Amino acid sequence: MTNYGTIPTSSSPGGTNIEFISRAKTQIKAGLATRRPWKEMARSFNLPSGLLNTTGRMKTNLGYFRMNYAIVVLTILLLSLLYHPISLMVFFALMAVWLFLYFLRDEPLVIFHRLIDDRTVLIGLSIITVISLLFTGAVGNIISALLFGVVVVAVHAVFRRTDDLSLDEEAAETAGLMTTS
């Protein structure tokens, strides 16, 4: 078999790995770029005036500090797993699987010459994650850490004033806070 007429896409056989790592770094940086400054999260607190104000604050703060809140919840989860080394190793392995099969994938997933859509990948990875964490014996610890993280985020979102925040229209639309007419 000859390779006449083909144009190499990379200069070395390992070039595809370098390109993949480069794309992964770019996507991770783009995701972390939506993180807001931590000092901004730590100022301007007061009690909400009513239920309408409370829900409005929650929606605005959840949309504005979305990446920060995800980091807070994942940090609480990670800290809760420090005394469960097997669960921690499973957590890191699952995080790598999620990154490679769901978040950093540019092309559709093909298994045995069949195209697998993103929803199927999401459901499959979710099932694998739940089953894997069930076998580690730290389910109660994981659930309590996630609940604690959600409570911390909710308390912050309710008490953090929103009058000094400005969501741009695209970010608000992405967060589901605004609908287009």
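Q: Which residues does T54 touch, not counting residues up to four places away in sequence?
A: This is a predicted model, where local features need pLDDT of at least 70, side-chain atom pairs count only at pLDDT 80 or more, and totals for chains, interfaces and linings use all residues. Residues are numbered from 1 along each chain as its sequence is written, and side-chain values use heavy atoms, with hydrogens and water left out. A contact here means heavy atoms within 4.5 Å. On that basis, T54 touches P48 and V158.

Q: Is T54 buried or exposed?
A: T54 sits in helix 3, residues 51–64 (helices are DSSP runs of H or I with at least four residues, strands are E runs of at least two, numbered from the N terminus). The cut-offs are under 20% relative accessible area for buried, over 50% for exposed, and partly exposed in between, using a 1.4 Å probe and protein chains only. T54 comes in at 17%, so call it buried.

Q: Which residues does F91 touch, not counting residues up to four places away in sequence?
A: F91 is one of the residues in that largest core. Leaving out residues up to four places away in sequence, its contacts are L74, L77, L78 and L81.

Q: Why is the pair of Y64 and F65 edge-to-face?
A: Rings of Phe, Tyr and Trp (its six-membered ring) pair if their centres lie within 6.5 Å; planes under 30 degrees apart are stacked, over 60 edge-to-face, and the rest tilted. The structure holds 3 such aromatic pairs. For Y64 and F65, the ring centres are 4.9 Å apart, and the pair is edge-to-face because the planes stand at 90 degrees.

Q: What is the relative accessible area of F65?
A: F65 forms one aromatic cluster with Y64 and Y69. Y64 counts as buried at 8% relative accessibility. F65 is buried too, and its value is 0%.

Q: What is the relative accessible area of M95?
A: M95 lies in helix 5, residues 85–103. Its class is partly exposed, and the value is 35%.

How values were computed: Core = buried A, V, L, I, M, F, W, Y, C linked by side-chain atoms within 4.5 Å.
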